Amino acid sequence: MSYPHFLVMPYPILGHMNPLLQFSQILAKHGCKITFLITDFNKKRVKMASEPLGSQIRFVSLPDGLDSDDDRTDQAKIILSLRSTMPTKLHNLIENINALDGDNKITCLVVSKNIGWALEVGHKLGIKGAFLWPASAIALASYESIPRLINEGIIDSQTGLPTRKQEIQLLPNSPMMDTANLPWCSLDKKIYLHMVEDTQTMKLGEWWLCNTTCDLEPGAHSISPRFMPIGPLMESVSNKSSLWEEDTTCLEWLNQQPPQSVTYVSFGSLAVVDPNQFKELALGLDLLNKPFLWVVRPDNDNNVNNAYPDEFNGSKGKIVGWSPQKKILNHPAIACFITHCGWNSTIEGVCGGIPLLCWPFFSDQFVNKSYICNVWKVGLGLDKDENGLISKEEIRKKVEQLLGNDDIKARSLKLKEMVMNNLVEGGHSSKNLDKFISWAKD
């Protein structure tokens with residue numbers, strides 16, 4: 001029986017590229033062939049496009065339809081440009097690949113959210129498709145529930161905004177969600193309207209793969225018979241795949257710190273910290289009087305280049321532009337993780353057994369915080385003051401509370417063990433992966 005040839009296509013931001021690349025590496029280990037599609041713009045930014053990750057994974061690229069001087073932090077602009085310009089290019093790319101090697105034709109598409117239209121392209125070419133959701137199952141359930149939420153008068157059909165203040169439960173055994181924190185409420189209205197459409201096209205995916213586990217989100221199976229948890233995706237993605245150069249000197253620095261002494265701070269690849277808040281964070285890390293490792297992204301230069309306050313000492317810490325996060329979160333020196341609660345970071349923190357201090361910015365990060373603090377009970381939240389800032393005193397107080405809470409530490413280690421057991425042979429995610437590959441072979 002020949003192995004399937006997957007065309008894997010992430011939405012072109014790091015939070016989608018990494019999980020789909022991790023999944024591709026897993027498929028490649030099982031003998032599958034992978035063609036991994038990125039945008040021309042990202043190809044220029046990363047090394048991976050010219051350096052194959054083993055013989056099974058090959059990188060190709062297509063233009064995203066934007067001009068070189070367009071603002072690529074504008075997610076609505078990227079989403080709409082991809083949808084209007086890329087389907088024809090994708091169709092031609094698949095036909096060209098299949099014409100070149102008739103014995104090795106693309107047999108299955110795997111795409112992430114925001115580009116469900118790619119499944120339509122595959123469907124028209126007779127190629128089966130699967131959808132890989134890179135966020136939590138509850139975030140998937142919220143988008144999938146949009147028609148019901150509209151019908152029940154919970155949200156407005158045109159804006160997606162809640163019609164009144166209330167809490168709802170989207171999945172059994174999941175946290176109650178304030179309707180103001182539905183993932184699209186903090187995003188551009190155009191993104192909401194796109195996601196309504198995208199959620200319909202994802203129904204062309206015969207499987208809805210998700211980087212989660214039944215232990216983390218026990219009610220998730222009720223979303224759809226197509227739902228398939230395959231997490232945690234914890235393959236080590238090469239530095240070649242990062243949009244920023246990882247500063248590995250932080251690992252050498254961590255080696256010199258005492259066990260469970262370092263506070264790690266990172267807000268992922270998209271969140272931007274307001275300059276006043278940045279100053280409070282810097283001074284809060286100083287107040288800890290303990291070692292800290294702080295990721296300040298290189299693309300944040302315009303916002304924070306001159307924003308370190310004069311009184312900031314920082315002598316106990318190390319500041320880097322980007323970090324090998326999985327390695328850091330599994331380092332014995334790490335005591336806790338101040339996180340934006342993006343799903344990839346949440347999963348990586350859980351799999352490191354690290355207590356989490358929650359600082360959500362937008363989208364699904366608020367409900368992820370609810371899981372961390374209220375359901376799994378492996379972290380604490382940070383509260384804003386009357387000026388809408390998380391103060392330096394609040395940062396110090398909550399870090400000290402977290403580090404002094406042995407129950408949270410114990411629960412973190414127990415949750416890590418339970419989640420990682422999904423990956424061993426016979427584990428739930430491991431069995432799902434075998435089932436998925438068997439389906440792709442047919």
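**Helix H4 and beyond**

Author: Start with the cover over H4. The elements that cover its buried residues include strand S1 (5-9), helix H3 (75-100), strand S4 (108-112), strand S5 (128-133) and helix H7 (189-201). Helices (H or I, at least four residues) and strands (E, at least two) are DSSP runs, numbered from the N terminus. Contact means heavy atoms within 4.5 Å. Buried means under 20% relative accessible area, exposed over 50%, and partly exposed in between, with a 1.4 Å probe and protein chains only.

A word on the source. The model is predicted, with pLDDT of at least 70 needed for local features and 80 or more for side-chain atom pairs, while totals for chains, interfaces and linings use all residues. Residues are numbered from 1 along each chain as its sequence is written, and side-chain values use heavy atoms, without hydrogens or water.

H4 itself runs over residues 117-124. Its buried residues are Trp117, Ala118, Leu119, Val121 and Gly122. An α-helix has 3.6 residues a turn, so residues three or four places apart point the same way. Just after H4 comes Gly126, with a positive phi of about 75 degrees.

Now the aromatic residues. Phe131, Trp133, Tyr143, Trp184 and Tyr192 make up one aromatic cluster. Rings of Phe, Tyr and Trp (its six-membered ring) pair if their centres lie within 6.5 Å; planes under 30 degrees apart count as stacked, over 60 as edge-to-face and the rest as tilted. Lys113 sits over the face of Trp133, 5.0 Å from the ring centre. That label needs NZ of Lys or CZ of Arg within 6 Å of the ring centre and within 35 degrees of the ring normal. Arg72 does likewise over Phe41, at 4.1 Å from the ring centre.

Asn211 touches Trp133, Gly231, Pro232, Leu233, Trp343, Asn344 and Ile347, leaving out residues up to four places away in sequence. It lies in the loop between strand S8 (207-210) and strand S9 (227-229). Asn211 is buried, at a relative accessible area of 1%. Leu132 is 79 residues from Asn211 in sequence, yet their C-alpha atoms are 7.9 Å apart. The Asn211 side chain reaches the backbone nitrogen of Leu233 at 2.8 Å. Such a polar contact is a pair of N or O atoms within 3.5 Å; within protein, one must be able to donate a hydrogen and the other to accept it, and residues adjacent in sequence count only if both atoms are side-chain atoms.

Next, Ser24, in helix H1 (residues 14-29). Ser24 has 0% relative accessibility, so it counts as buried. A polar atom of its side chain lies 2.8 Å from the backbone oxygen of Leu20. Beyond residues up to four places away in sequence, Ser24 touches Val8, Ile34, Phe36 and Ile57.

Phe36 brings back the rings. The whole structure holds 20 aromatic pairs. One is Phe36 with Phe59: centres 5.5 Å apart and planes at 70 degrees, so the pair is edge-to-face. Phe36 belongs to strand S2 (residues 33-39) and Phe59 to strand S3 (residues 57-62), so the pair ties together parts 23 residues apart in sequence. Phe36 is buried at 0% relative accessibility, and Phe59 is buried at 10%. Tyr371 and Trp376 have ring centres 5.1 Å apart and planes at 5 degrees, so that pair is stacked. Both Tyr371 and Trp376 are buried.
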